[in-house]
Amino acid sequence: GPGLAAARPTIRGALEANRAAPTDAATVRTLTDSIQASIKQQAGIELVAREHADFVLWGAVTGLSERVTAGEREVDCKVSVIVADAVGGSIRFTLAGRAVARGGLRSRALAHEAMGAAVHGALSPLQRGLGAVLAR
């Protein structure tokens with residue numbers, strides 16, 4: 001019935017920037033903001049400090065390119081998010097997303113848009129994946 005969903009406990013995750021990825025601070029901040037915004041939209045998952053988390057998310061920008069064709073700027077962004085156990089660090093699964101943003105906007109604004117869409121796409125199966133992992 002409808003009471004079942006409410007009874008399911010909240011999954012607690014901690015978000016950490018992937019320091020291994022060769023990206024500048026502004027890009028990492030945008031990525032972190034995008035992941036936080038995407039997770040806020042998902043019921044049943046909340047971001048907490050690492051010591052209170054069930055799992056850790058490591059986000060990375062794996063590709064960011066820009067080109068101008070016919071006077072229109074286009075930014076292509078690829079992201080990956082690794083999901084691991086908070087205790088022990090065992091990797092459970094990896095999610096990937098890609099998006100292209102185009103238009104007359106400044107490159108930073110387009111990159112922001114593309115990254116947000118790529119992250120949203122990557123994280124859409126997050127809850128289902130975590131549910132399956134925690135059910136084992």
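Let's start with two strands: E4 and E5 pair in the antiparallel sense over 12 bridges (strands are DSSP runs of E with at least two residues, helices are runs of H or I with at least four, and both are numbered from the N terminus; two strands pair if DSSP finds at least two bridges between them). Along this pairing, Val-75 stands opposite Ala-101 in E5. The hairpin they form has 5 residues between the strands, and there Gly-88 takes a positive phi near 95 degrees.

A quick word on what you're looking at: this is a predicted model, where local features need pLDDT of at least 70 and side-chain atom pairs count only at pLDDT 80 or more, while totals for chains, interfaces and linings use all residues. Residues are numbered from 1 along each chain as its sequence is written, and side-chain values use heavy atoms, with hydrogens and water left out.

Now look inside. The largest nonpolar core has 28 residues, and Ile-35, Leu-57 and Val-79 are among those with the most contacts inside it. Such a core is a set of buried Ala, Val, Leu, Ile, Met, Phe, Trp, Tyr and Cys residues joined through side-chain atoms within 4.5 Å, where buried means under 20% relative accessible area (1.4 Å probe, protein chains only). H2, E3, E4, E5, H3 and H4 each supply at least two of its residues, but H3 gives the most, with 8.

So who sits on H3's buried side? Its buried residues include Leu-110, Ala-114, Ala-118 and Ala-122. In an α-helix, residues three or four places apart point the same way, because there are 3.6 residues a turn. H2, E3, E4, E5 and H4 are among what covers the buried residues of H3. Val-79 touches Met-115, Ala-118, Val-119 and Ala-122, among others (contact means heavy atoms within 4.5 Å).

Conventions. Buried < 20%, exposed > 50% of the residue type's maximum accessible area, 1.4 Å probe, protein only.
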